[in-house]
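Me: I am new to this structure and would like to learn how to read its features. Please take me through them one by one.

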Amino acid sequence: MEQRFTNRTAIITGAASGMGLETSKQLSLEGAIVYMVDINEERLNAAANEIKNAVPCVCDLRDFDQIAAVTARVMHEQGHIDILVSFAGGFPPRMCGTAGVDFMHEPLEVIDWGIQVNFRAPMLFARSVLAHMCDNRRGVIINIGSIDGETGGGVDYAAEKSGLTYGLTKALARVGAPYGVRCCGVTPGPVLTRASMANMQTALGRAAEPIEIVKLVLYLCSDDAAFITGTNHIIDGGRMLLANR
């Protein structure tokens, strides 16, 4: 297997399951040391035990002190941070158990959860690692969005995800560019991390396998993508083509 990430250190949030877990596996297979970040300690430790050169880091991303502690640990143990991929997040009503409640009646604590996890956490994790990347004059930050950020699916969720993959991504890219630090967004359509995703229509007639999204993430993290920054990359199987039907 090609070893694109030898001597690279990566931080992956939401790493105990789904695409975060698959990205951790693939980065490790290609030579990276992977710090896997998740709030679910039991699932995280079980996942990390199955991956070579993986380090579990239990972290509540709503707490900046915990984010800073992960960054400090990686710098102490490795001396450099080369990759940050922010997978952690989710559709707030589903994650908080209020699915089916419309925006006008959505509890404020659910909206606050979404803002904290889907937008604030990636921004603050980027803030935590950016100076180290700039000092090293190398680094890649990948912000993971959602097709709902393109189509307006869920008022607060759409705002969080579009703000993440466009405004925040472009701003971080501008800050990092003079130092060789890149930032890109990746916006998946339906992905088979949950069976229900198979019910979401796409022009290609199916949902993505997680590895299809992960391959794009890894490409953007690699030196093959060295001239790509400040852009959002939609990988939705043509779901947006159906928006006006």
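**Reading the sheet and its surroundings**

Reply: Helix 2 lies across strand 2 and strand 3, and runs at about 175 degrees to strand 3. Angles run from 0 to 180 degrees between N-to-C directions, with axes fitted as lines to C-alpha atoms, for helices over the stretch in contact. Helices (H or I, at least four residues) and strands (E, at least two) are DSSP runs, numbered from the N terminus. This is a predicted model, in which local features need pLDDT of at least 70 and side-chain atom pairs count only at pLDDT 80 or more, while totals for chains, interfaces and linings use all residues. Residues are numbered from 1 along each chain as its sequence is written, and side-chain values use heavy atoms, with hydrogens and water left out.

Me: What order do the strands of the open sheet have?

Reply: Strands of a sheet pair through backbone hydrogen bonds, either parallel or antiparallel. Two strands count as paired if DSSP finds at least two bridges between them. Here an open sheet of 7 strands has the order 3-2-1-4-5-6-7, with parallel pairing. Strand 3 and strand 7 (232-235) are the edge strands, each pairing on one side only. Strand 1 and strand 2 run parallel and are joined by 5 bridges; Thr 13 has Val 37 in strand 2 as its bridge partner. Helix 1 packs on the sheet, touching strand 1, strand 2, strand 4 and strand 6.

Me: Is Leu 61 buried or exposed?

Reply: Buried means under 20% relative accessible area, exposed over 50%, and partly exposed in between (1.4 Å probe, protein chains only). Leu 61 is buried, at 11%. Leu 61 sits in the loop between strand 3 (54-58) and helix 3 (64-78). Contact means heavy atoms within 4.5 Å. Not counting residues up to four places away in sequence, Leu 61 touches Thr 13, Val 37, Ile 67, Ala 88, Ala 121 and Phe 125. Leu 61 and Thr 13 are 48 residues apart along the chain, yet their C-alpha atoms are separated by 8.7 Å.

Me: At what angle do helix 5 and helix 7 pack?

Reply: Angles under 35 degrees count as roughly parallel, over 145 as roughly antiparallel, 65 to 115 as roughly perpendicular and the rest as oblique. Helix 5 (residues 108-136) and helix 7 (residues 155-176) pack at about 10 degrees, with axes 9 Å apart. Helix 5 is therefore roughly parallel to helix 7. Among the residues making the contact are Ile 111 and Phe 119 of helix 5 and Tyr 157 and Leu 168 of helix 7.
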